[in-house]
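Thanks for coming, everyone. Please have a look at the chain on the screen, and I'll walk you through some parts of it.

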Amino acid sequence: VNKDDVLIKLNDEKIKNEIRNAELNVTAAENSLDNAESALLIAGKKRDSEIAKKQLSVELAKLALRAWEEGEVVAKKQQLTLAVQTAQKDHQRLFKKHESSVRLYEKEFLSKDELDRDEIALLNADATFKKAKLDIDVYENYTYKQDEQKKQSDLQQAIDELDRAQDRLASELSNLTATVSARKDQRSEEH
């Protein structure tokens with residue numbers, strides 16, 4: 001037997017395969033960890049964006065409610081009050097005109113047709129006045145309450161949607177955090 005002669009050759013193919021498999025498992029575990037960490041980072045940014053969007057919806061609903069309460073409601077009540085005052089003044093004016101027309105007709109200074117026109121104008125003014133008062137009643141008893149409930153509901157729905165989004169996204173992040181932790185453990189086991 002000479003120096004450097006191979007006396008026994010062991011079958012190391014199994015050991016080489018195990019080393020290759022172990023290296024592949026480590027690489028796979030590292031890739032899996034990288035993917036899980038990336039998914040967690042993306043989910044965190046998605047959560048921040050979605051929460052900001054839901055918070056904006058809440059703020060917009062609050063602003064819409066305030067704009068309605070402090071703007072639209074005030075303007076509508078002023079408009080309705082003005083309509084009643086205008087209709088009342090017009091009714092009073094036409095009532096006096098009609099009384100005057102009756103006296104003039106009795107003295108034969110006014111034709112029956114002119115008297116009838118004044119009476120029709122008074123009837124129209126009376127109807128307009130009653131409608132203006134009814135418009136206030138309808139607004140205060142129905143339209144206002146309906147609009148108020150809608151605005152309040154819009155705000156509450158935005159708040160509820162924000163709460164649901166926070167809960168859902170917190171759960172998603174928790175799951176992804178657990179996945180990252182599991183991938184770290186798996187990588188440690190492969191080393």
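Let's begin with leucine 7, which sits in the segment before α1; helices here are DSSP runs of H or I with at least four residues, strands are E runs of at least two, and both are numbered from the N terminus. Before I go on, this is a predicted model, where local features need pLDDT of at least 70 and side-chain atom pairs count only at pLDDT 80 or more, while totals for chains, interfaces and linings use all residues. Residues are numbered from 1 along each chain as its sequence is written, and side-chain values use heavy atoms, with hydrogens and water left out.

Is leucine 7 buried or exposed? Leucine 7 counts as exposed because its relative accessibility is 66%. For the cut-offs, buried is under 20% relative accessible area, exposed is over 50%, and partly exposed lies in between, with a 1.4 Å probe and protein chains only. Together with Ile8 and Leu10, Leu7 makes a nonpolar surface patch of about 400 Å². Patch members have over 30% relative accessible area and no salt bridge; nonpolar side chains (Val, Leu, Ile, Met, Phe, Trp, Tyr) are joined within 5 Å, and like charges within 9 Å. The areas come from the Shrake-Rupley method with a 1.4 Å probe, and for residues only the protein chains shown count as cover.

Aspartate 4 is also in the segment before α1. Aspartate 4 has a positive phi of about 70 degrees, although it is not a glycine, and at 72% relative accessibility it counts as exposed. Glutamate 108, in the loop between α1 and α2, has a positive phi too, near 65 degrees, and is a residue other than glycine. Its relative accessibility is 70%, so glutamate 108 counts as exposed.

Now to the inside. The largest nonpolar core has 18 residues, and Ile51, Val58, Val84 and Leu155 have the most contacts inside it. Helices α1 (13-106) and α2 (112-190) each supply at least two residues of this core. By core I mean buried Ala, Val, Leu, Ile, Met, Phe, Trp, Tyr and Cys residues joined through side-chain atoms within 4.5 Å. What does leucine 155 contact, leaving aside its neighbours within four places in sequence? Leucine 155 touches Val58, Ala61, Lys62 and Leu65, where contact means heavy atoms within 4.5 Å.

On to charges. The whole structure holds 17 salt bridges, each a side-chain nitrogen of Lys or Arg within 4 Å of a carboxyl oxygen of Asp or Glu. One of them pairs aspartate 118 with lysine 97 at 3.4 Å, N to O. This pair links distant parts of the chain, with aspartate 118 in helix α2 and lysine 97 in helix α1, 21 residues apart. Aspartate 118 is buried, at 11% relative accessible area, whereas lysine 97 is partly exposed, at 41%.

Lysine 112 and aspartate 116 also meet in a salt bridge, at 3.1 Å, N to O. They are separated by about one helical turn because they lie four residues apart in helix α2. Lysine 130 and aspartate 126 form another salt bridge, their closest N and O atoms being 3.2 Å apart. Elsewhere, salt bridges that share partners join Lys46, Glu50, Arg168 and Glu172 into one network.

Last, a distance: how far apart in space are glutamate 119 and isoleucine 159? They are 57 Å apart, C-alpha to C-alpha, and 40 residues apart in sequence.
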